[in-house]
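I opened my notebook for a first look at this structure. Come along and keep the view at hand.

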Amino acid sequence: MRHVQSRTTRKPRLVYPVAMMLRPAFLRWLSPCAMLLSLTFGCGDDDGMVDVDAEVPEDAEVDAGPPVPVSTDHCTYEDPPATANAGGMVEAGPLEAGIAEGIMRPPVGSTLGAYTARADFLGSAGAPDDRYDELADAFLPSFGIETRPMGKVLALRAGGETVLLIKADMGLADEAVTHEVARRVGLARGIDLSGKVLFATSHSHSQFSQYTVNSVLWVGLGRQRQLVFERMVSDLVEIAGRALDDLRPARMAIAHDPAFDLEDRITRDRRPQNDVLHGGPRKDHDLFVIRVDDRESGQPMAIVPVFGIHGTVLGAENLLAANEGPGAIERAIEERFDHQVLVMHMQGAGGDVSPAGSGGLDCSDARVCYNFARIETIGRLAADAILTAWAGLDDEMVDELAIEMVTRHIELGPNWENFRIRGGALEYAPMDGVTPVDNIIYDDAGNVVSPIDDFNAPYGAALCGEANNSFIPFSQIPGTVRQANPYSSCSQVNGAVRFLSRLMNLPFEEHMPSCATTRTVVSALRLGDHLVLTVPGETNTTIVDYLRQNSPIAEERTLVIGYAQSHVGYVMTVEDWLLMGYEPSINVWGPLEGEYIGEQILAIAPLALSPEREDATVGGADRYVPRVLDESDVPPPDPAPMAGTVEPVVYSQLYVRGLVLESNQPGASLPRLTSATFAWMGESPKSGTPDIRIERHVGPGEDDWEILRRRSGRVVEDQDVLLFHTPNPLVPEEPLQQRTHRWAVEWQLVTPWGTPELDRVEDRFGLPLGRYRFYVAGTGYELRSEPFEVVAAPIQVEASVAGGRLRGAARFEAAQGWRLLHMSVRSNRPVPANGEVTLRVSTSSGPQEVSAVLDAEGRFDVEAPAGATAVEVIDRFGNVGSATL
């Protein structure tokens with residue numbers, strides 16, 4: 001097997017991803033008119049849009065009628081079901097809890113969210129090859145999986161109230177998913193869960209994403225595909241049902257650590273613009289941990305850490321599904337236990353918090369940086385602090401408490417009067433889309449001027465926050481051209497979608513506003529003497545601080561969970577939005593939207609704490625009913641009569657992380673740290689995704705094989721193996737052409753995460769020697785690879801004798817590897833060996849053995865035996881290397 005740094009079949013093309021178009025440097029290089037002409041748009045005024053720079057003649061006739069909000073007649077709405085269990089009184093009762101987890105199975109080939117740079121208009125935008133997938137369409141298709149998206153459910157019941165806490169590895173929440181899961185689970189179980197499902201997401205930027213009904217968000221996630229939506233919903237429904245089946249007597253407590261990760265080892269502040277509001281850099285340093293134990297056995301059942309962290313270690317060039325930092329945090333904690341404990345991280349103020357971590361890979365010469373190693377460090381660094389807070393609850397556990405959850409839909413735009421906040425102190429001026437704004441943001445005292453006329457966007461606007469003109473000139477807010485303020489880069493949605501629909505082949509609504517942007521949903525959940533508030537978007541620290549400081553109970557007992565129930569983009573305070581930067585670019589209703597949503601959350605919070613069980617839909621809005629999209633461009637799954645076949649020759653276009661395979665079978669003998677690979681013909685991804693297992697021969701019989709498992713009992717699969725898919729042909733020669741499909745798996749030969757007694761990073765070089773093989777459970781077939789022998793890894797040794805001392809260093813090198821080998825050194829560069837070693841020294845009088853303990857850099861320094869001519873270094877795992885003295 002050899003490694004190719006740049007392997008591609010792409011034809012040379014001129015490619016400009018949307019992310020590049022948004023950069024000022026690109027805008028300066030390409031004139032707006034030229035950009036529009038290149039996309040078949042004219043630069044005149046025949047498109048029905050207003051010329052925002054045109055002057056109004058003094059004698060022009062002016063309609064004196066007051067502006068009215070634009071119509072939403074093209075949208076379908078319905079009343080949400082009344083809050084389940086409304087009526088009567090809230091009572092404390094014995095707690096029951098049930099847990100379940102499972103894999104969600106959207107098809108490989110659908111695109112990953114949430115980077116707009118994965119848009120594939122005008123050609124491939126950085127993909128390893130030129131493949132096309134009908135599901136992804138104008139976006140780059142996914143190539144495979146590092147970690148499958150997990151669905152996790154904690155069911156709670158007490159005092160007659162049943163609630164579901166659901167966490168899914170998805171880029172963002174969607175109200176349609178929340179609604180449909182509650183509806184289907186309720187129907188299947190004969191219970192009413194209306195308003196009783198808390199649906200939160202991990203916000204990985206490298207997970208399957210084509211499920212959201214919000215068309216504005218398609219720019220970063222790809223258009224909704226019913227197949228993706230249906231698989232995710234049905235999988236979550238099945239997992240939720242198992243959690244309900246698991247209900248049993250339980251105990252619970254909640255911890256709070258207000259000084260979490262102050263050293264920025266796990267996360268860091270990513271928004272310097274709002275430091276002025278905090279008096280310096282500020283990230284989410286509040287860690288909450290929900291602990292649930294089995295009441296009868298005392299065994300841990302669930303651990304729910306809550307704090308903010310963006311899922312953005314991997315960049316847009318990564319096309320393998322991955323659960324990012326949140327997934328690594330969950331894995332690190334799971335494998336501290338000898339049985340399966342449900343660990344589900346939930347987001348706090350993740351909007352302006354980036355992942356940190358350490359070590360990882362050196363990607364300076366890599367075309368695609370698969371830096372899963374750095375992601376693993378985040379999990380390992382976070383686990384101790386989380387488990388310390390968890391352990392501190394030993395004396396706080398209660399087995400009886402009151403539970404109540406309330407949920408309310410709220411109306412957003414286009415009615416500007418909805419956004420009146422702070423008791424009427426801040427509001428929008430009427431929006432007509434024509435009247436030029438005054439560009440006065442603050443008064444002389446530095447306060448925000450009200451009414452705000454600068455957000456004159458009756459259909460909503462996005463891409464705000466930069467002091468430069470909109471990259472779609474005809475969509476600019478009137479009067480903001482060449483004004484250095486947060487509104488000058490805004491693109492009105494009605495104009496932007498005309499441009500983006502052709503650019504990215506997205507089937508936006510025929511009329512604007514985008515219907516899903518006119519509604520959102522919020523919830524409040526009482527858990528004993530704690531209150532959980534949900535935010536439907538990317539929660540900045542400013543909005544989380546605002547909610548906790550204004551909560552009806554103490555800040556230290558108020559948990560705020562972001563990326564939950566629905567998604568409007570970034571949610572922040574007015575002053576934070578006006579400080580510009582990236583975050584204001586992703587919301588639709590301007591600077592007042594975040595605090596307006598915050599006020600609506602605080603409005604229902606007292607309902608969750610009151611002694612009565614209220615119907616929270618009273619006083620709320622109706623919900624948007626998603627439209628049905630035409631998906632005639634998506635062919636059915638390809639037939640796969642050859643599925644389960646291992647070909648004698650490797651398919652020439654097979655992609656396996658840039659490796660060129662010499663055989664479809666793994667090599668017969670493979671040293672530790674190298675990779676074992678296996679490739680076969682399989683099913684269409686629309687039919688299913690194969691499951692991979694690693695089997696080890698345990699003897700003495702030839703049929704004595706067992707599946708590798710982690711300490712927790714979970715099967716070794718995701719995060720330890722990479723799964724790749726390659727269609728043939730890469731690009732259909734005609735619409736709906738049938739294709740064949742090849743799959744491949746790669747396993748770097750290191751100890752899997754959670755290996756009993758060998759779970760430290762320092763033990764990665766100690767994968768037990770012996771025979772292994774891959775087992776594949778596909779859709780309608782199964783097969784096993786030929787066995788392969790794992791042998792010791794070579795150690796790179798440097799040594800010399802001087803002054804009677806034998807000094808040297810021992811290192812490992814896995815230049816083609818991707819797994820974590822060291823917490824600070826780049827794992828694909830020479831990594832120091834560790835621990836106790838045996839030095840077998842060749843001397844003129846025969847071999848002598850000396851024991852040594854390597855230092856942090858892998859060095860040894862011992863008394864040199866007389867006449868030493870060579871030294872062999874053998875570590876505690878039997879890995880060996882030598883050097884001549």
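My entries below cover some strands and one aspartate.

**Entry on the model.** I noted first that this is a predicted model.

**Entry on strand S31.** I looked up S31, which spans residues 691-697. Is it mostly covered or mostly open? I found it mostly covered, as six of its seven residues are buried. I then checked its partners. S31 pairs with strand S35 (residues 770-777) in the antiparallel sense, over six bridges. There, isoleucine 694 stands opposite phenylalanine 774 in S35. S31 also pairs with strand S32 (residues 705-707), again antiparallel, over three bridges. In that pairing, glutamate 695 faces isoleucine 707 in S32.

**Entry on an open sheet.** I traced a sheet of five strands, open and with mixed pairing, in the order S15-S6-S33-S34-S30. Which strands stand at its edges? They are S15 (320-321) and S30 (675-682); each has a single partner strand, so one side of each is left without a neighbour in the sheet. I followed S30 to strand S34 (residues 740-748): the two run antiparallel and are joined by eight bridges. Tryptophan 680 stands opposite tryptophan 743 in S34.

**Entry on aspartate 294.** I found aspartate 294 in strand S13 (residues 287-294). Is aspartate 294 buried or exposed? It is buried, because its relative accessible area is 11% and buried means under 20%. I then followed its side chain, which reaches the backbone nitrogen of glutamate 296 at 2.9 Å. The side chain of aspartate 294 also reaches the backbone nitrogen of serine 297 at 2.9 Å. Leaving aside neighbours within four places in sequence, I listed the contacts of aspartate 294 as Arg248, Pro249, Gln299 and Met301.

Terms used: Residues are numbered from 1 along each chain as its sequence is written. This is a predicted model: local features need pLDDT of at least 70, side-chain atom pairs count only at pLDDT 80 or more; totals for chains, interfaces and linings use all residues. Side-chain values use heavy atoms; hydrogens and water are left out. Buried means under 20% relative accessible area, exposed over 50%, partly exposed in between (1.4 Å probe, protein chains only). Helices (H or I, at least four residues) and strands (E, at least two) are DSSP runs, numbered from the N terminus. Two strands pair if DSSP finds at least two bridges between them. A polar contact is a pair of N or O atoms within 3.5 Å; within protein, one must be able to donate a hydrogen and the other to accept it, and residues adjacent in sequence count only if both atoms are side-chain atoms. Contact means heavy atoms within 4.5 Å.
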